[in-house]
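Let's take a walk through this one together. Have the coordinates open and follow along.

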Amino acid sequence: MIALGPLAVALVWLVGAIIVGRVADPRQARRAATWVASVAVAVSAVAVTLPEAPLAGQVSAGAGAAGCLAISLAGLLVAAMSPVDGAAPVLAARLFAVACGLLAFRYTVVDAALLALATWLVWSGDRLFARYQFPAAALLIVGALLPGPAGTIALAAGVAIRMAAFPAHAWFPRFVDRTPIGVVVAYQAAPVVLLEPSTVVLTALGAITALSAAIFAAASTDGRRTLAYLLITTNGLVIAGASWLVATLATAGLAMTVGALAARRDSLSFNEGGDFTATPRLAVSYLVFGLSLAGFPLLAGFAVGHHLPHALATPVAIIVVVALSVTGIAVVRGFLALFTRRPPTTGERDLTPLENYAVVPAMAVLVLIGLAPGLLTWASA
Amino acid sequence: MSALLIAALGVPLAAFLGLALAMWFGRVWTEGVVSGLVIGAAAISGLSGVALAVVCLVDGPGSAVLGTWFAGFPLRLTADWLSVPVVVLVGLLGCLIGAFSQRYLHRDPGYRRFYLLLALFVAAVQVVVLAGTLDLLVVGWELAGLASALLIAFFHHRPGPVAGGLRAFITYRISDIGLIGAAVVEHHGGSHTVVGLLLVWAVLGKSAQFPLGGWLPRAMEGPTPSSAICYGAISVSLGPYLLLRNGVDGPAVIAVGVVTALYATLVGRAQTDIKSSLAYASMTQIAVVLVEVGLGWDVLALVHLIAHALLRSGQILRSPSLLHDHHHLEQSLGGPIPGTGRHFERILPARARTWLYRFALERGYVDAFLVDRVVGGLVRTVNRAAVAEERWVDRQAVTR
């Protein structure tokens, strides 16, 4: 099926990538990227109101628009919050175009090809990344082409490696360490889970991934490492059946908050601490985005975190409940370690107006869905 | 009745959301406005409780279904002779603490944050108290846990309060697994015994019972008023309330209560500061309440719970003036205050007394065992695995 709304959003991102690419000054490029992202958000918001039903044959107007809205809001966060040094706005915009393209063309083969394209775009020559991600892309394409159980197995393996599920997660912390944070978010924003075949094995694998990564996140002593493991946790939960819309938005918010913090500090080591009074908004966004991932009440993840254990078999449900609990510990530990204990002398800057402009809609969406979870079902129905 | 139920928990929640929005957008309301908003919200909440009591007297206890929050999550609130007294108590204490803090935290940089968290705490506890289903109770339970942890870490420039807050939050989250597990087991149609045991596990952390009570004395690092409402009165009382609400009793509850009561009374006697000894006194009394719950003496347990909450929060609020009060008492008595605990010297041999003193001083070695051995061991193993993995990854990634 081809969805016109997401196609329009993908086109906005593609055109945006060209426009941003023509701006030489990095600050101006960030402004331009924020404009492009705002337009993409507006177009997706319009697309959400369009009808889902097929217009003619295989063409629909509004299908998948809620996903595009989540992706575009993530794109807005990336555009506005990326530090000027080392930002890659053009690459991020292209990746967001690919992510929306996945929603525009709902054919498995096309989607697998688009994911391979994203992998190719992101690859910077790192050997470890290549060893994991190119086989994953190949497996996805083979899985899409092959019929029967062989295809299903290939698809499942491809999804698991692409989403850094245990035990194929080793490439991910290094990827987060060495890639601009905006590119990490953009690479994560592609809804790989749309290709996921529903098998019990994959669900159990997702739950185990979530639990083990959450424990690693809770024990880590570095902000960026914790972020990497929290992203893996979220991927695991999404594989196990959590909503990828909420996960995309919340991980983008958390990752960009950490990225913004990294641009203000030399290191994100938990031994150094920070000053809450100087950066209250930054600290609160870390907490709100993080607790959304942990399925905290009054935030968007809660309804999903509530339904997930009920829908799963008992052993998997236990693992998911424990994983969510440990995720909460990791988030609050990171919050306290990164934003407290330093005496109020450093002149660290709170969210800039531009960053605030991107954080407010994302957080508002998460809180609104948290207060009225019915909105999510309405938008993605 | 529905309107009163909504007012009891909705008004503090609205105050929290309003304050949060105003603070995010940089509106600097004066101290009077902020505290007035929260005190007013708590007062309306408590008055709704009083009105609910009247409704209960006239129409009898009842519950109201306010529709569904989302699919499979009905919003059912219950007003009966168990919840209504606690609603009034929470509203009243919220008011009192709010009024007390106006002077106590005057011109503190975190004044507004304190009231924000206080509003969240009151709203969350009212959700717990009025919840008619276990699912809805979880919502309030988790929010109350977060609010208390952030209140403990209120003075965030010092490492002590931050560590205390983190410890409390970790304990809460670990014991919350029991509560969420109970809700899931209930949905899956599991046995009542399993649900009961999981709820007892949830109570261990929230009510600081043996062996998970180590966070309670450390929680006193927070501002005095929040210690009074959270750890003297309301937060620790939620455990027995949960068991009363779900009709859980039996030998497991009694065992937890007896062990904790003995442990806490012994350890509390060796504490050298007033807040720690009050924390252990709280722990002891809650344990005794648990024994009453386990024996099925529900009315006595509720009366004991409320009386303890009122007395203890008063004591904690008064604790900064301890020396003054002590002097005053000695002057009135005309001599030193007689010591307590003489019976230990009468009934125990000297060697056992020394051993017990050391046991009490080290808080029963429970903290050391749990923190250093169990959690510390796990963290060390995990970090060693992470380092090993990192080394392996580096070897793989190196270009030959």
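Start with B:Arg363, which counts as buried at 17% relative accessibility; buried means under 20% relative accessible area, exposed over 50% and partly exposed in between, using a 1.4 Å probe and protein chains only. You'll find B:Arg363 in the loop between α15 (350-361) and α16 (366-397) of chain B. Helices here are DSSP runs of H or I with at least four residues, strands are runs of E with at least two, and both are numbered from the N terminus. Have a look at the backbone of B:Arg363 too: its phi is near 50°, a positive value in a residue other than glycine.

Before going further, some housekeeping. This is a predicted model, in which local features need pLDDT of at least 70, side-chain atom pairs count only at pLDDT 80 or more, and totals for chains, interfaces and linings use all residues. Residues are numbered from 1 along each chain as its sequence is written, chains are lettered from A and ligands numbered from 1 in the order in which they are written, and side-chain values use heavy atoms, with hydrogens and water left out.

Now for another arginine in chain B. B:Arg107 also isn't a glycine, yet has a positive phi of about 65°. B:Arg107 belongs to the loop between α3 (83-104) and α4 (111-130) of chain B. Is B:Arg107 buried or exposed? It counts as exposed, because its relative accessibility is 69%.

While you're looking at loops, check the prolines. The peptide bond from B:Phe210 to B:Pro211 is cis, with omega near 0°, and B:Pro211 lies in the loop between α7 (192-206) and α8 (215-219) of chain B. Over in chain A, a cis peptide bond joins A:Phe166 and A:Pro167, with omega at about 0°. A:Pro167 is in the loop between α7 (148-162) and α8 (171-178) of chain A.

Next, zoom out to chain B as a whole. Its secondary structure comes to 16 helices and two strands. The radius of gyration, taken over C-alpha atoms, is compared with a globule rule of 2.2 Å times the number of residues to the power 0.38. For 400 residues a compact globule would come out near 21 Å, and the 23 Å of chain B agrees with that. Along the principal axes, the C-alpha trace of chain B spans about 85 × 60 × 50 Å. Of the 400 residues in chain B, 52% are buried.

The two strands of chain B make a hairpin. Six bridges join β1 (residues 62-70) to β2 (residues 73-79), and these strands run antiparallel; two strands pair if DSSP finds at least two bridges between them. B:Phe70 has B:Phe73 as its bridge partner. Two residues sit between the strands, and B:Gly72 takes a positive phi near 80° in this hairpin.

With 5% relative accessibility, B:Leu134 counts as buried. Leaving out residues up to four places away in sequence, B:Leu134 touches several others, including B:Leu179, B:Ala182, B:Leu199 and B:Leu242; contact means heavy atoms within 4.5 Å. On the scale of chain B, 74% of the contacts between residues at least 6 apart in sequence join residues at least 24 apart.

Chain A has 17 helices and three strands. Its radius of gyration is 19 Å, close to the 21 Å that the globule rule gives for 381 residues, so chain A is as compact as a globular protein of that length. Buried residues account for 63% of the 381 residues in chain A.

How do the strands of chain A line up? They form an open sheet in the order β1-β3-β2, with mixed pairing. At the edges stand β1 (2-3) and β2 (54-56), each with a single partner strand, so one side of each has no neighbour in the sheet. Two bridges join β1(A) to β3 (residues 59-60) of chain A, and these two run parallel. A:Ala3 has A:Ser60 in β3(A) as its bridge partner.
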